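Look at the structure below and keep it in view as you read. We will start with strands, then move to helices.

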Amino acid sequence: MMTFVDLILHPKTRLALANHLGQPTHALLLTGDKGVGLGTIARTLATEIAGTNVVIVEPCSHDRQKTLTINIDDIRDLRTLVRSRRSDPLCIIIDEAEKMTDKAPEAFLKSLEEPTPQVFYILTTHLPTRLPATIKSRAQIVEVLPPPVETCESLFAGSDPAKLAKVKFLGERQPAEIVRLLNDEEYFKKVSLAMAAAKDFVQGSPGKRLAIVAGITTRDGAIELGKNVARILLVTADRAKNPKTVAASLNTVSNVVEYLHQNGNIRAQLTYLALNV
């Protein structure tokens, strides 16, 4: 079982989390980029605080809906669970908390406003801007920073040398992402192909770009393309003839990704990206 000492963390993040473990607050909100390991960190902290008394709430399908969410019934079940006073600590993890829908955030807010002694909440989100300010204001927020490159080196011990350089680039100081790339060959191939498509997108003509975006049908796929395009632009920026053009392109990509996060039209945003980068 992983312990806090085993976690690969940025020194600032480790200090903030160590302080939390020394005196756990009623609610902790972990934020950070996808791949930094928010879920692993949350589970490790919960075990340190409450041993085996850990409950995990994750987005799931309700009434055969395709979109995974945390709905009000999930939160009501928690309120029933914590209604009685406890003599031993209980830690509740709410993973991807931004996926609470409808009245779920309002119902959860009551748990934060009326805390039960010995009950601790750990929330995770890669999209803190999509969480209500009322929830964020009642939680201790710790941003999980990408750890230094040298700290991640231990993850590569015994890995395939032919694969090493590519994983280091694709994983980019994201421990959870690196581990998955090393251990899941299908996932490694999928991510590699997605990055290759982004490279073709940056180097291609408008027609080539439109052909690439025509094959993307999901919001997650569109957001992934945007983020990968930004990565390629940053990596190749030193070879650009006009740095101002790169800066403008990065601003365009950032805006498109933000609009996609806000449920902007996928086809319209990708078309705009193809014609303006």
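In strand β4 (residues 119-125), the bridge partner of I93 is I122. Strands here are DSSP runs of E, at least two residues long, and helices are runs of H or I, at least four residues long, both numbered from the N terminus. β3 and β4 pair in the parallel sense over five bridges. Two strands pair if DSSP finds at least two bridges between them. This is a predicted model, in which local features need pLDDT of at least 70 and side-chain atom pairs count only at pLDDT 80 or more, while totals for chains, interfaces and linings use all residues. Residues are numbered from 1 along each chain as its sequence is written, and side-chain values use heavy atoms, with hydrogens and water left out.

Now turn to strand β2 (residues 54-57). β2 pairs with β3 in the parallel sense over four bridges. Here I56 stands opposite I93 in β3.

β2, helix α3 (residues 72-81) and β3 make a right-handed β-α-β unit. β3, helix α4 (residues 104-113) and β4 make a right-handed β-α-β unit too. Right-handed means that, with the strands pointing away from the viewer, the path from the first strand over the helix to the second runs clockwise.

Is β3 (residues 90-94) enclosed or open? Five of its five residues are buried, so β3 is largely enclosed by the rest of the structure. Buried means under 20% relative accessible area, with exposed over 50% and partly exposed in between (1.4 Å probe, protein chains only). In a regular strand the side chains alternate between the two faces of the sheet. In β3, L90, I92 and I94 lie on one side. C91 and I93 lie on the other, and both faces are covered.

Next, find A230 in helix α11 (residues 219-235). A230 has 18% relative accessibility, so it counts as buried. A230 touches L250 and V253, leaving aside residues up to four places away in sequence. Contact means heavy atoms within 4.5 Å. A230 and N251 are 21 residues apart in sequence, yet 9.3 Å apart in space, C-alpha to C-alpha.

V253 also takes part in another contact, between helix α12 and helix α13. How do α12 (residues 243-261) and α13 (residues 266-276) pack? Their angle is about 175°, with the axes 10 Å apart. Axes are lines fitted to C-alpha atoms, for helices over the stretch in contact, and angles run from 0 to 180 degrees between N-to-C directions. The two helices are therefore roughly antiparallel (an angle over 145 degrees). Besides V253, α12 contributes T252, V256, Y259 and L260. From α13 come I266, Q269, Y272, L273 and N276.

Key
Angles under 35 degrees count as roughly parallel, over 145 as roughly antiparallel, 65 to 115 as roughly perpendicular and the rest as oblique.
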